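Here's a walk through one chain, from the overall fold down to a handful of residues. Have the viewer open and follow along.

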Amino acid sequence: MKRVRIVISGEVQGVFFRKSALAKALELGVTGWIKNSANGHVIAEVQGENQRVETFITWCYQGPEKAVVTGVESNLIPLEDGIETFNIHYG
């Protein structure tokens, strides 16, 4: 098990990145959240089995059809207890 914080840059807002990431996370069975940042990036925290998290990170390099991803940074962060689903954070 691991947890990562991911910052995705490029044309990633207004292209259904968060909604597509939610579907991918549910498909993979990982937990966490995703949100837009004020500087135009998308930020996510994802937790689960190592390979499932790595598959999610790999997906972030492409994203949904209309996204133009120019960068993906991921860093390990401490695991969190009690998180059972994946959510989109608004605002």
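What follows goes from the fold to the core, and then to some individual residues.

## Ground rules

This is a predicted model, so to speak of local features a pLDDT of at least 70 is needed, side-chain atom pairs count only at pLDDT 80 or more, and totals for chains, interfaces and linings use all residues. Numbering starts from 1 along each chain as its sequence is written, and side-chain values use heavy atoms, with hydrogens and water left out.

## Fold and overall shape

The chain has 2 helices and 5 strands, and from the N terminus they come in the order β-α-β-β-α-β-β. The radius of gyration is 12 Å, close to the 12 Å from the globule rule for 91 residues, so the chain is as compact as a globular protein of that length. Helices (H or I, at least four residues) and strands (E, at least two) are DSSP runs, numbered from the N terminus. The radius is taken over C-alpha atoms, and the globule rule is 2.2 Å times the number of residues to the power 0.38. If you want a box for the C-alpha atoms, it's roughly 30 × 25 × 20 Å along the principal axes.

Contacts here are heavy atoms within 4.5 Å. Take those between residues at least 6 apart in sequence, and 78% of them join residues at least 24 apart.

## Surface and charge

Buried residues account for 43% of the 91 in the chain; buried is under 20% relative accessible area, exposed is over 50%, and partly exposed is in between (1.4 Å probe, protein chains only). The chain exposes about 5300 Å², with carbon and sulfur atoms supplying 48% of that. Areas come from the Shrake-Rupley method with a 1.4 Å probe, and for residues only the protein chains shown count as cover.

On the charge side, there are 9 positive and 10 negative side chains, and the centres of the two sets sit 5 Å apart. Lys and Arg are the positives, Asp and Glu the negatives, and His and the chain ends aren't counted. Each charge is placed at NZ of Lys, CZ of Arg, CG of Asp or CD of Glu.

## The nonpolar core

Which residues touch the most other members of the largest nonpolar core? They are Ile-6, Ile-8, Phe-17, Ile-34, Val-46 and Phe-56, out of 24 residues in that core. At least two core residues each come from β1 (2-11), α1 (17-28), β3 (42-48), α2 (50-60), β4 (68-77) and β5 (86-88). Helix α2 gives the most, with 5 residues. A nonpolar core here is a set of buried Ala, Val, Leu, Ile, Met, Phe, Trp, Tyr and Cys residues joined through side-chain atoms within 4.5 Å.

Beyond its neighbours within four places in sequence, Trp-59 is in contact with Phe-17, Ser-20, Ala-21, Lys-24 and Pro-64. Its C-alpha is 10.0 Å from that of Ala-25, 34 residues apart along the chain.

## Loop residues

Two residues are worth a look between β2 (31-36) and β3: Ser-37 and His-41. Ser-37 is buried at 15% relative accessible area, while His-41 is partly exposed at 24%. Not counting residues up to four places away, Ser-37 touches Gln-13 and Ile-43, and His-41 touches Val-7, Ile-8, Ser-9, Val-12, Gln-13, Lys-35 and Asn-36.

The loop between β4 and β5 holds Ile-83 and Pro-78. Ile-83 is partly exposed at 25% relative accessible area, and Pro-78 is exposed at 66%. With neighbours within four places set aside, Ile-83 is in contact with Arg-3, Thr-31 and Gly-32. Pro-78 and Ala-67 are 11 residues apart in sequence and 29 Å apart, C-alpha to C-alpha.

## A backbone angle to check

Most residues other than glycine have a negative phi. Phe-16 isn't a glycine, but has a positive phi of about 65 degrees. Phe-16 lies in the loop between β1 and α1 and is exposed, at 60% relative accessibility.
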